[in-house]
Amino acid sequence: MAHYLTIDQGNTEAKIALWNDSELEDFRMEPALNPQRVSEFVAGRQLAGSIYCSVTREDVDIIRHLRHISPMPLRLHPDTPVPIKVDYRTPSTLGADRVAAAVGAWNDYAGHPILVVDAGTAVTYDYVDADGVYHGGNIAPGISMELRALHEFTARLPLVPFPENMPSLCSELFGRDTREAIALGAVHSVLASIHYYRSRLPRETVVVLGGGCGHHLASVCDFDARVDEHLVSKGLNRILLYNETL
C-alpha cells in the first residue's frame with residue numbers, strides 16, 4: 001500500500017488529501033495549516049511521496065516538513081513535469097492550482113475536449129483539448145467575491161450571504177428585492193460565463209466543475225456538468241504519480 005500526500009494551499013484555506021495510489025483515502029480542510037497539523041493528518045502512515053502547491057505565499061515550514069516525512073517531496077512549479085502539454089505564453093505566472101485542476105480533469109476525461117471550471121474565491125475557466133494540450137483560460141471573481149465587492153464598493157448595497165440553495169433562488173430570472181437581485185446577479189454572472197465558453201468550444205466538450213462552489217453551480221446548470229470537489233487534489237496526486245515514473 002503506497003500513500004501519497006497532496007496539499008493545495010488556497011486563498012482562504014488549505015485542502016490536504018491522503019491517497020492510496022489513485023484512491024482518495026482521507027481529506028481535510030485546514031484554515032491554518034502548519035507542520036503539526038500535517039503530521040496529525042498523516043497519523044504515522046508511511047508516505048511514498050508528497051506534493052505541495054500554493055496560490056498564495058508558499059509556506060517554507062510546510063515545504064521543509066514534507067522533506068522530513070516524505071521520500072519524494074515535490075513542489076508544483078512551472079518546471080515540474082506534468083502529464084499534459086501546457087501551451088501558455090507565461091508559464092511562470094500560471095497558477096499551480098489551474099494546472100492541477102486541468103490535470104485532474106484530464107485524468108478522468110482524457111481524449112475529450114474539456115472546459116475546466118474551478119469555482120472558489122475566484123473562478124477560473126480553462127480549456128484542455130482532446131489531445132491533452134492546455135490552451136490557457138480566464139480568471140474572474142467568484143460568487144462570494146462578487147457579493148462582498150458589491151457591498152464594500154457601494155454606499156448602500158447590503159452584504160448578502162452565499163446562496164446555499166441555488167435551485168430555489170434560480171427559479172426566478174430576476175430578483176424581486178435588493179438582496180435577491182444581488183444574489184441572482186452574482187450567480188447568473190458565473191452561469192452565463194460557463195454557457196458562453198461552452199458555446200465557443202467543440203460540441204463534445206465536457207464541462208467539469210471543481211472548487212467549493214462546483215456542486216452548487218451544477219445544481220442549476222441546464223446542461224450536463226460533471227462535478228469533482230477534489231479536482232485540484234486529484235490533479236496533484238496524478239502529477240506526483242507521473243513524476244514517480246520518470
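**Entry 1: a first residue**

Is Asp 26 buried, partly exposed or exposed? I looked this up in the predicted model, and Asp 26 turned out to be partly exposed, with a relative accessible area of 28%. That value falls in between because buried means under 20% and exposed means over 50%.

Next I checked what the side chain of Asp 26 meets. It pairs with Arg 45 in a salt bridge, at 3.8 Å from N to O. Asp 26 sits in strand β3 (residues 23-30) and Arg 45 in the loop between α1 (35-42) and β4 (47-54), so this pair ties together parts that are 19 residues apart in sequence. Arg 45 also counts as partly exposed, at 26% relative accessibility. I then found that the pair belongs to a network of salt bridges linking Glu 25, Asp 26 and Arg 45.

A reminder to myself: side chains of opposite charge can pair when their charged atoms come close.

**Entry 2: other salt bridges**

Arg 75 lies in strand β5 (residues 73-75), while Glu 58 is in the loop between β4 and α2 (60-69), so here the pair ties together parts that are 17 residues apart in sequence. I wrote down a relative accessible area of 33% for Arg 75, which is partly exposed. Glu 58 is partly exposed too, at 27%.

The other joins Asp 61 and Arg 64, again with the closest N and O atoms 3.1 Å apart. What separates these two residues? Both are in helix α2, three residues apart, so about one helical turn lies between them. Asp 61 has a relative accessible area of 45% and is partly exposed; Arg 64, at 41%, is partly exposed as well.

**Entry 3: the largest pocket**

I turned from pairs to empty space. Rolling a probe the size of a water molecule over the atoms shows where empty space is left.

The largest pocket holds about 650 Å³ of space. I counted 29 residues in its lining, and those nearest its centre are Asn 11, Ala 119, Gly 120, Thr 121 and Ala 122. Which elements each supply at least two residues of this lining? They are α3 (96-109), β7 (114-119), β8 (122-128) and α4 (143-152). The largest share, three residues, comes from β8. Sorted by class, the lining of the largest pocket has nine nonpolar, twelve polar and eight charged residues.

**Entry 4: the second largest pocket**

About 260 Å³ of space lies in the second largest pocket. Its lining is made of 16 residues, with His 77, Pro 78, Pro 91, Leu 94 and Val 99 nearest the centre. By class I noted nine nonpolar, five polar and two charged residues in the lining of the second largest pocket.

**Entry 5: a residue in β8**

Is Thr 124 buried or exposed? It is buried, with a relative accessible area of 8%, and this follows because the cut-off for buried is under 20%.

Which residues is Thr 124 in contact with, leaving aside its neighbours within four places in sequence? I listed Arg 98, Val 116, Val 117, Asp 118, Asn 138 and Ile 139.

Definitions and conventions:
Residues numbered from 1 in each chain as written. Predicted model: local features only at pLDDT ≥ 70, side-chain atom pairs only at ≥ 80, totals over all residues. Heavy atoms only, no water. 1 Å grid on protein atoms, 1.4 Å probe; cavity = no way out; pocket = protein on both sides within 12 Å on 5 of 7 lines; lining within 4 Å. Points joined across faces, edges and corners; volume = space filled by probe spheres on them. Helix = DSSP H or I, 4+ residues; strand = E, 2+ residues; numbered from the N terminus. Nonpolar A, V, L, I, M, F, W, Y, C, P; charged D, E, K, R; others polar. Salt bridge = Lys/Arg side-chain N within 4 Å of Asp/Glu carboxyl O. Buried < 20%, exposed > 50% of the residue type's maximum accessible area, 1.4 Å probe, protein only. Contact = heavy atoms within 4.5 Å.
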